[in-house]
Amino acid sequence: MKKNISSLVKNNSKFNYDLDLLKDMYKKMLLIRRFEEKAGQLYGMGKIGGFCHLYIGQEAVVVGIQSAQIDGDSIVTSYRDHGHMIACDMDPKGVMAELTGREDGYSKGKGGSMHMFSREKGFFGGHGIVAAQVPIGAGLAFAHKYNGNKNVCITYFGDGAANQGQVYESYNIASLWQLPVIFVIENNKYGMGTSVNRSSAGDNLSDRGKAYGIKSEIVDGMDIIAVREAAIKAIEYCRLGKGPYILEMKTYRYRGHSMSDPAKYRTRDEVEQIRKTSDPIENIKVLLNKMGVVDKVLKDIDVEIKSIIADAARFAQDSPEPSPSELYTDITIN
Amino acid sequence: MTIEILMPALSPTMEEGTLAKWLVNEGDSISSGDLIAEIETDKATMEVEAVDDGKIGQLLVPAGTEGVKVNTPIALLIDSNELPHTSIKTIADKPYLEKEKITTELKIDKPVTLEPNSSIITVREALRNAMAEEMRSDKKVFVMGEEVAEYQGAYKVTQGLLDEFGNKRVYDTPITEHGFAGIGIGAAFGNLKPIVEFMTFNFAMQAMDQIINSAAKTLYMSGGQMGCPIVFRGPNGAASRVAAQHSQCYASWYSHCPGLKVVSPWSSKDAKGLLKSAIRDPDPVIFLENEVMYGQSFSCPDDDDFLVPIGQANIEKEGSDVTIIAFSIMVGKSLEAADILNEKGIKAEVINLRSLRPLDIETIINSVKKTNRAVTCEEGFPFAGIGAEISAAINENAFDWLDAPVKRVTGKDVPMPYAANLEKLALPQVDDIVNACSEVCYKS
C-alpha cells in the first residue's frame with residue numbers, strides 16, 4: 001500500500017498543505033456524512049423507501065478524487081451514490097428530494113436513491129446494476145477521446161463489482177483503445193455480506209489490471225491526502241492520453257450494505273476499531289489542527305453543515321409528490 | 001479414377017458465387033490442402049483448398065464466371081498417373097454447365113420495377129448507404145462492433161466504411177458484447193451517436209442487461225436528462241441451418257420494453273429509410289435485420305434525405321378480404337401468399353409493419369375494419385409474440401368488425417432444429433399463410 005501520508009504528517013509538526021483546499025475537503029466530507037446520517041434517519045421514519053445505500057466511512061475517497069478533477073470531467077458510479085453527487089456539488093436539496101420521491105428530486109422522483117444524474121455537474125449516475133457503470137464509464141471516456149478534449153472519466157465501483165465479467169471486458173477495451181478512464185475500486189471489504197477474501201481470488205483487486213497492461217495503485221482510502229495525491233497522478237496520466245489507470249481504495253463502510261442489512265457478517269468491534277483508528281474525517285481534523293485551525297472554527301463549520309442538511313431534509317419533505325401525469329413522460333424523447 | 005470438384009458452399013446462406021480465379025492449371029499435380037481457386041460470394045472472397053491428392057484433369061468452369069450454383073462441378077481431379085483430358089473425355093463431354101446458366105441472375109423471383117430517382121440495390125447496400133450518408137452529415141455518428149472495420153463486416157454490411165471514414169469512426173471490438181454495448185451506451189450518454197453492430201442478435205443476449213437496464217430505462221430514471229441516441233443493429237431471426245442458438249427472432253423481446261424503439265425492415269427502401277431515421281433518432285433503437293434478406297434487390301430512393309418515419313407501417317398490397325400483418329422476411333412470404341390467394345379468389349391486403357414499437361395500430365385497425373379478418377405473420381415463437389400483441393390490439397380496437405378470430409402464423413414453439421426438414425417445419429412457410437387466410441375466410 002502507498003505510504004500513509006497523514007500518519008507521516010501527524011508526527012511532523014511542519015505539515016503544510018493548501019489550507020483553503022483542506023477546509024473545503026473537510027466541509028464536503030462532513031456534508032456527506034451528515035447527509036447520510038439524515039438519510040438514514042428519514043429512512044427509519046418511512047420518508048425514504050426502497051433501497052438506500054449509505055456512504056458513511058468512505059467520504060475521503062470521493063472527496064479526495066474530486067479535488068483533483070477539472071471542469072468537464074465525467075463521473076459515474078454504482079448505487080452507493082449520494083456521496084459522489086454531493087462531491088460533484090449537486091444540491092443536497094435535490095438529492096434528498098429524490099430520496100423522498102418528490103418532484104424536485106434530480107430525477108423528478110422517478111429514479112430514487114440509486115438513479116440520479118446531473119449532466120450539468122458531469123455526474124452520469126447512479127447505476128443500480130452491479131458493475132453496469134463500468135463499461136458506461138469507459139464509453140464516457142471514449143466520448144472524451146472522440147471529441148478530442150482533455151477530460152477524463154472517473155469510474156467508481158466496489159469490490160463486489162470487481163468480480164463481474166463486464167469490468168474485464170471494459171479493462172480490455174479501455175487499454176486497447178487507450179481510453180482516458182480512471183477505474184476507482186472502492187474496496188470497503190464487503191460485497192454486501194461477503195468479505196473480499198471469500199469472494200475474490202488473488203491478493204489485490206488492483207493486480208487484475210496487470211493482465212491488460214493497466215497501471216494501478218493501492219491507496220489508503222481513509223486518508224484524504226493519500227487519495228488526492230494518487231488521484232492527481234492517475235488523472236494526469238490519463239489526461240496525457242496514456243490510457244486507463246486503476247486506483248484501489250482501501251476503505252470501509254460503517255453502515256450495512258443497505259438500510260435493511262443488519263451486518264451480522266462482521267463484529268461490532270471491527271467497525272468500532274476502524275472508527276476509532278482511521279476515521280477519514282477525524283484524520284483530516286488532525287491535519288487542520290496541525291495547520292493551526294482551532295476547534296472553534298471546525299465547530300462553526302459543523303453548525304453550518306447541519307443547517308444545510310436540515311434545510312435539505314425539510315425541502316425534501318415539503319416538495320410535492322410528482323404529478324400523476326409524470327407517469328408517462330420521459331419514456332422516449334420523441 | 002476421376003473425382004468431381006464441386007462449387008463449395010462458403011456460408012450457411014450461400015446459394016451461388018463467382019469463380020473469380022483459378023490458382024491451378026490443367027495437368028497440375030495437387031495435394032490435399034493446396035489452394036486451387038478463389039471464389040467470391042456477396043460477402044467475401046475466399047480461397048478453395050483441394051481435399052484430395054491428384055492431378056487437375058480439366059477446369060470445367062472458366063475463371064470469371066458469375067452465378068455458379070453451389071454443388072456445380074467446377075473441375076475434375078484425376079489420378080496423378082493419368083493424362084489430362086484424354087482419359088476423361090467421356091465425362092468432360094457431358095454438358096455440366098450450359099452457357100445460359102452461367103449468367104448473373106437477380107436473386108428474386110419477380111423483376112424489380114425501378115421507381116423514379118431510385119436505383120436497384122440490395123438490402124445490404126441500402127444499409128451501408130444509410131450509415132455512410134449519416135456519417136458524412138454528422139461527425140458524431142460512428143460504428144463499432146465485431147469485424148465491422150478491417151474485415152469489412154461479418155455479413156459485409158459495413159463494407160467500405162473503414163476506407164472512407166478511417167479508424168476514428170469505425171471500430172473493431174473484441175468479442176465481448178456486454179462490454180462493448182455498455183461502452184456504446186456510455187458514448188451515447190456522452191452525446192455521441194453510436195451505431196453498434198451485433199454480428200447477430202443471438203449474441204446480443206450477452207448485452208441484454210446494458211440494452212434494457214442502461215439504454216432503455218435511464219431517460220426515465222433521470223427524469224428526462226439522460227437521452228441515449230444509439231442504434232443496435234444486426235441480423236435477427238432464422239438464418240439457415242445454424243440451429244437453435246443462432247436462429248431466433250428477438251422482435252417480441254425488445255418490443256416488450258418501454259424506452260426502446262424497435263424497427264425491422266423488409267426491402268432496401270425500408271432498410272435505408274428506417275436506418276437513417278434510427279440514426280437521427282434521439283432514443284435507443286433496436287434495428288432488426290435479416291441475413292436471408294441481405295442479398296435481395298429492390299428499388300431504393302437515391303435521395304440522401306430519404307427517411308422512413310419510425311412508427312409507420314406500409315400497405316404493400318391492397319386487398320379487401322383479409323389483412324396479413326407481417327414484418328421483415330415475412331413480408332415477402334406474405335406477398336407470395338397473397339398471389340396464391342388471389343388465384344383462389346381471396347384478395348389479401350399485406351401490411352409491412354416496419355416498426356414494432358411504436359406499433360402503427362391505426363393502419364392495422366383501419367385495414368381490419370375494411371377486410372374484417374386478420375392473420376399475423378412472424379418467424380418468432382408464438383407465446384407472447386408480436387402476433388399475440390397485434391391480436392390483442394385488434395380485439396381492443398376492432399372487435400365488432402371481426403368476422404373471424406385473428407389467426408397467428410409463427411415459428412413453431414420449439415428451439416430451432418438443425419435438420420433441413422425439421423427446420424423447414426419449424427419456420428412459417430408461404431403455405432401456412434395461405435392456409436391461415438383461407439381459414440379466416442372460411443374457405444379452407
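In β3(A), Cys153(A) is the bridge partner of Ser74(A). The two strands involved, β1 (residues 74-77) and β3 (residues 153-158) of chain A, pair in the parallel sense over three bridges. Please keep in mind as you read on that this is a predicted model.

**The sheet in chain A**

- β1(A) and β3(A) belong to an open sheet of six strands, and its order is β2-β1-β3-β4-β8-β7 with parallel pairing.
- At the edges of this sheet stand β2 (123-126) and β7 (215-220) of chain A; each has a single partner strand, so one side of each is left without a neighbour in the sheet.
- On average, neighbouring strands here are turned by 15° against each other, with direction ignored.
- As background, strands of a sheet pair through backbone hydrogen bonds, in either the parallel or the antiparallel sense.

**The sheet in chain B**

- Chain B has an open sheet of four strands with antiparallel pairing, in the order β5-β4-β2-β7.
- Its edges are β5 (45-49) and β7 (65-69) of chain B; with a single partner strand each, they have one side left without a neighbour in the sheet.

**The nonpolar cores**

- The largest nonpolar core has 193 residues, and those that touch the most other members are Val181(A), Ile182(A), Val227(A), Leu247(A), Ile324(B), Val375(B) and Cys437(B).
- Helix α2 (residues 19-44) of chain A gives the most to this core, with ten residues.
- In chain B, domain 2 (119-301) and domain 3 (314-440) both give residues to this core, so the core lies between them.
- What is Ile182(A) in contact with, leaving aside its neighbours within four places in sequence? Its contacts are Val152(A), Ile154(A), Thr155(A), Ala234(A), Ile235(A), Cys238(A), Tyr245(A) and Leu247(A).
- There is also a second, separate core of 17 residues, which includes Val48(B), Ala50(B), Ile74(B) and Ile78(B).

**Where the two chains meet**

- Chain A brings 33 residues to the contact, and chain B brings 34 residues.
- On the side of chain A that touches chain B, α6 (133-146) and α7 (165-176) of chain A each supply at least two residues.
- Helix α6(A) provides the largest share of that side, nine residues.

- Just after α2(A) comes Gly46(A), with a positive phi of about 80°.
- Helix α2 (residues 123-137) of chain B has 15 residues and should span 21 Å at 1.5 Å a residue, which agrees with the 21 Å between its end C-alpha atoms.
- α2(B) is mostly covered, with eleven of its 15 residues buried.
- Among the buried residues of α2(B) are Val123(B), Leu127(B), Met131(B) and Met135(B), along with Arg124(B) and Glu125(B).

**Backbone details worth a glance**

- Most residues other than glycine have a negative phi, and most peptide bonds are trans.
- Gly125(A) and Gly126(A) are joined by a cis peptide bond, with omega of about 25°, and Gly126(A) sits in strand β2 of chain A.
- Another cis peptide bond, with omega of about 0°, joins Arg357(B) and Pro358(B); Pro358(B) is in the loop between β20 (355-357) and α10 (361-371) of chain B.
- Lys108(A) is not a glycine, yet it has a positive phi of about 55°. Its place is in the loop between α5 (92-99) and β2 of chain A.
- Is Lys108(A) buried or exposed? Lys108(A) counts as buried because it has 23 C-beta neighbours inside 10 Å, and the cut-off for buried is 20 or more.
- Asn117(B), also a residue other than glycine, has a positive phi near 55°. Asn117(B) lies in the loop between α1 (89-93) and β9 (118-122) of chain B.
- With 10 other C-beta atoms within 10 Å, Asn117(B) is exposed.

Methods
Residues numbered from 1 in each chain as written. Chains lettered and ligands numbered in written order. Predicted model: local features only at pLDDT ≥ 70, side-chain atom pairs only at ≥ 80, totals over all residues. Core = buried A, V, L, I, M, F, W, Y, C linked by C-beta atoms within 7 Å. Buried ≥ 20, exposed ≤ 12 C-beta atoms within 10 Å, placed from the backbone. Domains from an automatic or database assignment. Contact = placed C-beta atoms within 7 Å. Pairing = 2+ DSSP bridges. Axes fitted to C-alpha atoms, helices over the stretch in contact; angles between N-to-C directions. Expected span 1.5 Å × (residues − 1).
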